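This briefing is meant for someone meeting the structure for the first time. Please look over the sequence and the model, and then read the points below topic by topic.

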Amino acid sequence: MVHQLFEPAQADGMLLYDPASPEEAVPHPVLRRLRAQMADIAADAPLLIAVDDLHWADEASLRWLAYVAKRPLARPVTVVATLADGDPRGATPLVRDILESSAAVLRLRPLSRQAVRAMVERQFGEPADEAFADACHRAAGGNPMLTVHLGDELHRAGLRPSAEHAGAVARVCPSPLRDHLTLLIRQLPSPVPEFATALAVLAEQADRSLVGTLAGLDPVGCAVAERALRGLGLLAPHPDGRPPAFPHQVVLEAARETVAAADLHRLMGDAAVLLHRTGHPAEQVAARLMAAHPDTSRDGRWAVTVLRAAAEAALDRGAPQEAVCYLRRALRETSTDGEDRAAVLVDLAGVERVYDPWMAARHASQAVPLLPSARQRAVALTRISPPVFDTAPPQTAALLRTVEAALAPGAPEEVEHQLSLRLRARLHCAEPTTPERLAGAVRRLRDLGPEPRLSTIAERELATVMLHDAMAAGQVTRADTLRLARRILAHEPPVPEVTYTTLPLLLLILLSADALEGLPAWTQTLLDRAVEQNALVPRVMAGTGRSLVLLSSGDMTRARALALETRRLAVDCWPSNTAATIALSMVAIETMDARLCDRLVDEGAGPESPDVTDVYRGVSHRMLRGQQAWLRRDPAAAADHFLACGRRLEQAGWRDSALFPWRSLAALALHRLGDRAAADELTREACDRTRAWGAPAALGRALRVRGTLSEGAPGTALLTEAVEVLRASHNRLELARALLELGRLRAREGDRRATALLREGTALAGECGVPDLAARTGSPSTAWAAVPAGPTGGQLTAARLAARGLSNREIAAELGVTQRAVEKHLTAVYRKLNVSGRSRLAEALHQLENGRPPAPGMPRLSVPADIPPGPGTVMPPPSRGNPRPR
C-alpha cells in the first residue's frame with residue numbers, strides 16, 4: 001500500500017523500503033523518512049490519504065499507518081480508511097492501534113426502507129411500488145451490496161418494480177454476487193467458513209448447538225464466527241436472540257459452494273443423522289438425505305424409515321410428487337432383493353397411482369416376488385385400478401395369475417376371498433380383448449346370479465368388469481344392465497378414491513345405455529372434490545367422465561372445454577394416460593372439429609402401433625382418422641377407416657354399437673361414393689343392433705342416418721321414428737339433428753309442419769352450443785341458429801335460488817318439485833347462459849336482467865365454411881379433384 005502511495009512522488013528515484021518478509025519489522029528510520037516525505041507533500045496543499053478495505057492491507061503498510069496515527073503532523077493531513085466490521089482481520093493488533101488512534105469512527109447502519117426504495121428506483125429508472133421495495137429491504141436486510149446486486153439481477157430479468165413482481169425478489173439468485181460471496185467466505189480465517197457451511201447445510205433447522213456440532217466447533221468458536229458473519233452483514237439481524245440465519249438464498253448457496261461437492265454430500269449426511277438423533281420431523285431429515293450419497297447414511301434402515309415417514313407427511317399435505325421423490329431415494333438405501341425393498345415399492349406404487357398409474361403397476365409388479373406371503377402379494381397388486389392393467393405389460397397377466405393361484409388354496413377366510421375377487425377383476429382386464437374373454441365374462445356374470453352381492457368393493461369391481469364385457473358382447477339386455485349398474489353406483493360415493501376402482505368402466509356402461517339420470521351432478525361433485533384435494537389422477541379421471549357425460553347429453557360447449565382442460569392436465573401430470581385423449585377424440589368426432597381432429601391425429605400413434613392394442617384406444621383413433629378424412633372431403637379414406645373400426649371390434653367379439661357407431665359413419669361415406677347397397681346394409685344392421693340394445697340415443701342416431709339415406713316415404717317414416725325415439729333420450733344434440741333432417745325433408749315436400757321442426761331443431765342446437773348445425777344440414781332456417789332460446793321462467797326461478805346459495809334439495813322444497821327437476825332446470829340455465837357452474841351464475845343472471853347478453857363462459861365452437869355437412873347429410877357430388885375408390 002505504501003508503494004502505491006509514495007512511488008509516484010519519488011522524484012529522487014530513491015527506492016522505498018522493501019521488507020524481506022511480511023513479518024519483518026520496518027526500521028524506524030524508514031518510518032520517520034516516510035512521515036517526513038508526507039509532511040513535505042502536505043506543505044503545498046492539504047493531503048488526503050484514502051485507504052479502502054484497511055483490513056486487507058499488508059502488515060508493513062499497517063505498521064507505517066499506526067506510526068503516523070500516533071504522531072500527528074502540524075500539516076493538514078487526513079487519513080480516511082474503511083474497514084469491514086466483523087472481519088477477523090480487522091481485529092489484529094495493528095488495525096486496533098490505528099482505530100484507537102483515530103479522531104473519529106463512523107459505523108454505518110443498515111439501509112432504511114426509504115434508502116432501499118431510493119436505490120431501487122435509481123436502478124430501475126422508475127418509481128418502485130411499496131410492496132416491491134419492502135421485499136427488497138427484507139431480502140437484503142439493509143445490506144447495500146445485496147440491495148445493488150438483487151436490483152441489477154431483477155432489472156436484467158426484465159421485471160418491473162411492481163407489486164406483482166415482489167415475490168421474485170426472494171427467489172432471485174445473482175450469480176456474480178454468489179461467486180463474490182463464495183470467495184469472500186473462503187478467504188475468511190477459521191472458524192468462519194466452517195460455521196457458515198454448517199449453517200447453510202442446516203438452514204431453517206439451524207441453532208447454535210447444532211451448527212457447532214456439525215462444524216466441530218466449541219461455543220467460543222461459534223460465537224467468534226457468528227460475530228464475524230454478522231459484522232459482514234451476511235447474517236440476518238435477529239435482535240430477539242433467535243438462531244442465526246442468512247438474509248437471502250444467495251448467501252446460503254454461496255456458503256454451500258465453499259466446500260467441494262463430496263464434502264457437501266458428507267455434511268448433508270451428517271446433518272441428517274444429527275437431525276434424526278435430536279428428534280426433528282421426518283421431512284426435515286429427509287431433505288438432507290436427498291442431497292447426500294446413500295453411503296453417507298451409514299445404516300440404511302433408519303434412513304428408509306425416515307424417508308417413508310417423510311413420504312407419508314408429504315401425502316398428508318397434498319404433495320404426492322415429493323412423496324415419490326422420498327420413496328425413490330429410499331430404494332437406494334434398501335437391499336436389492338429383500339422384504340425391505342418390497343415394502344418401499346408397495347408404498348411407491350400406492351403414491352404413484354395418484355398421477356402415474358402405469359408406473360404404479362410396474363413397481364407393484366416388482367414388489368410381488370419380494371413379498372413373503374400370498375396375502376401381501378395380493379394386497380400390493382390390488383392397489384392398482386383394474387382398468388390400468390388393460391395397458392400393462394404382457395407379463396403382468398401371468399403375475400396376476402400366479403398370485404391368484406397362490407392365494408386360492410387359503411381363501412376360506414373372508415379377507416383372502418375378497419382379495420381373490422379383486423385379483424380376478426384385474427386379471428380379466430389384463431387379458432387381451434378377445435371373443436373368448438368376453439364369453440368368459442358372460443359366464444361369470446351369470447354365475448353371480450340375478451342379484452349378486454355388492455356389499456364390498458371387491459364384489460363391485462368384479463361385477464362391473466364382467467358386466468362391461470357382457471354388454472360389449474351383446475349378451476345382456478339393457479334393462480338387466482341398468483338394474484345392476486345402478487345398484488353398483490348406489491354404493492359408490494362421489495369421492496376421489498373411487499377413481500382407483502372400476503368406476504371408469506361403470507360410467508361407460510351407463511353412457512352406452514343412455515342412462516344419465518343423476519350422473520351430471522354425481523360426476524360434477526366428484527370433479528369438485530378431486531380439485532379440492534389436488535388429486536391429479538382422480539381429477540383426470542373425473543374430468544374425463546364428466547366431459548363424456550356432457551357429450552352424451554349434447555352439451556358440446558362445456559364438453560369440449562372440459563375435455564381440452566383435462567387432456568392438458570393429463571399430458572402434464574400423467575403422460576401415459578389415454579382416457580383423456582379418447583374423450584377428447586370423441587368430442588372432436590361429435591362436433592366435427594377439423595382442427596382438433598388434425599391435432600389429435602398428429603399427436604397420436606398410428607392405428608397399427610403396438611401402443612394402440614386395446615379396443616378403446618385403437619377404435620377411437622381409427623374413428624378419429626375416419627372423421628378427419630370425411631372433413632377433408634375424402635370419403636374413400638373415411639370409409640376405409642370406419643370399416644377398419646368394425647373389423648377391430650368384430651375381431652374382439654364386440655357387438656355393442658352404442659359407444660362406437662362405426663356402421664352409420666361408414667354408411668355415409670359409402671353412400672357418398674355411390675355404393676348404396678353396402679350403405680343400406682350397414683344402416684340396416686345398425687338399426688337392428690341398436691334396437692335390440694334399446695338405448696334411445698344409439699337407436700335414434702341409427703334411424704336418423706338410415707332415414708337420411710332413404711328416399712321418399714320410407715325416409716320420412718324413419719326420421720319421424722328417430723325424433724320420437726330421441727325425445728326419450730338425454731342426447732339433445734342428436735335430437736336436434738333428427739329434427740333438422742326431418743324438417744328439411746318435409747320442407748322439400750311442401751309440408752307445413754317443417755317450420756316448427758326446423759325452429760325447434762335450430763333452438764335446440766343453439767342450446768347445445770352448435771348454433772350453425774342448421775347450416776350444416778342444409779336447412780333454410782340458418783338465421784334462427786344465431787340466437788339460442790333464453791331460460792324459461794321456471795328455470796330462472798331455480799337459477800336465482802341457486803345463486804343465493806341454496807342446495808338442490810332446498811330449491812326443490814322451496815318450489816315444490818323434485819330434485820331431478822331442479823337439476824334439469826339448472827343444467828338448462830348453464831347451457832343457455834354459457835356458464836360452467838354455480839360460481840358464475842350470479843354474474844350471468846345480473847347481466848341478463850340488466851339487458852346485456854351473458855359473458856360467455858366457454859368459447860363458441862366455430863366451423864369453417866368449407867367443412868362438409870355433419871353425419872346424416874348426403875354430401876354434394878365430388879369435384880373432379882376428389883379421390884375415387886379403387
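A residue is called buried if its relative accessible area is under 20%, and exposed if that value is over 50%. Arg-737, with a relative accessible area of 5%, is therefore buried. The model is predicted, and the mean pLDDT of the chain is 83, with 87% of its residues reaching 70 or more.

**Confidence along the chain**

- The pLDDT falls below 50 over residues 11–15, a stretch that has 1 contact in the model beyond near neighbours in sequence.
- Residues 778–788 also have a pLDDT below 50, and this stretch has 20 contacts in the model beyond near neighbours in sequence.
- Where pLDDT is low, the predicted coordinates should not be read in detail.

**Two arginines in helix H38**

- Helix H38 covers residues 732–748 and holds Arg-737, and Arg-746 is found in helix H38 as well.
- The side chain of Arg-737 is joined to that of Glu-590 by a polar contact of 2.7 Å.
- When its neighbours within four places in sequence are left aside, Arg-737 is in contact with Glu-590, Arg-701, Arg-704 and Leu-773.
- Arg-746 has a relative accessible area of 10%, which means that this arginine, too, is buried.
- Not counting residues up to four places away in sequence, Arg-746 touches Thr-716, Thr-720, Asp-751, Arg-753, Ala-754 and Leu-757.

**Aromatic pairs**

- The structure holds 4 aromatic pairs, and in one of them the rings of Phe-124 and Phe-132 have centres 5.7 Å apart and planes at 90°, so this pair is edge-to-face.
- Phe-124 is buried because its relative accessible area is 8%, and Phe-132 is buried with a relative accessible area of 0%.
- The rings of Tyr-616 and Phe-660 have their centres 5.7 Å apart, and their planes stand at 55°, so the pair is tilted.
- This pair links distant parts of the chain, since Tyr-616 lies in helix H32 (residues 615–631) while Phe-660 lies 44 residues away, in the loop between helix H33 (635–652) and helix H34 (662–672).
- Tyr-616 is buried, at a relative accessible area of 14%, and Phe-660 is likewise buried, at 3%.
- Tyr-616, Trp-654 and Phe-660 are linked into a cluster by ring pairs.

**Strands S1 and S2**

- Strand S1 (residues 47–51) and strand S2 (residues 77–81) run parallel and are joined by 5 bridges.
- Within this pairing, Ile-49 in its strand stands opposite Val-79 in S2.
- From S1 the chain passes through helix H3 (residues 59–69) to S2, and this β-α-β crossover is right-handed.
- In a regular strand the side chains alternate between the two faces of the sheet.

**An exposed loop residue**

- Arg-107 is placed in the loop between helix H4 (93–101) and helix H5 (113–124), and with a relative accessibility of 62% this residue counts as exposed.
- Arg-107 and Thr-82 are 25 residues apart along the chain, and their C-alpha atoms are separated by 9.9 Å.

Definitions and conventions
Residues numbered from 1 in each chain as written. Predicted model: local features only at pLDDT ≥ 70, side-chain atom pairs only at ≥ 80, totals over all residues. Heavy atoms only, no water. Helix = DSSP H or I, 4+ residues; strand = E, 2+ residues; numbered from the N terminus. Buried < 20%, exposed > 50% of the residue type's maximum accessible area, 1.4 Å probe, protein only. Polar contact = N/O pair within 3.5 Å; in protein donor to acceptor, adjacent residues only side chain to side chain. Contact = heavy atoms within 4.5 Å. pLDDT = per-residue confidence, 0-100. Phe/Tyr/Trp six-rings, centres within 6.5 Å; stacked < 30°, edge-to-face > 60°. Pairing = 2+ DSSP bridges. Right-handed = clockwise from strand over helix to strand, strands pointing away.
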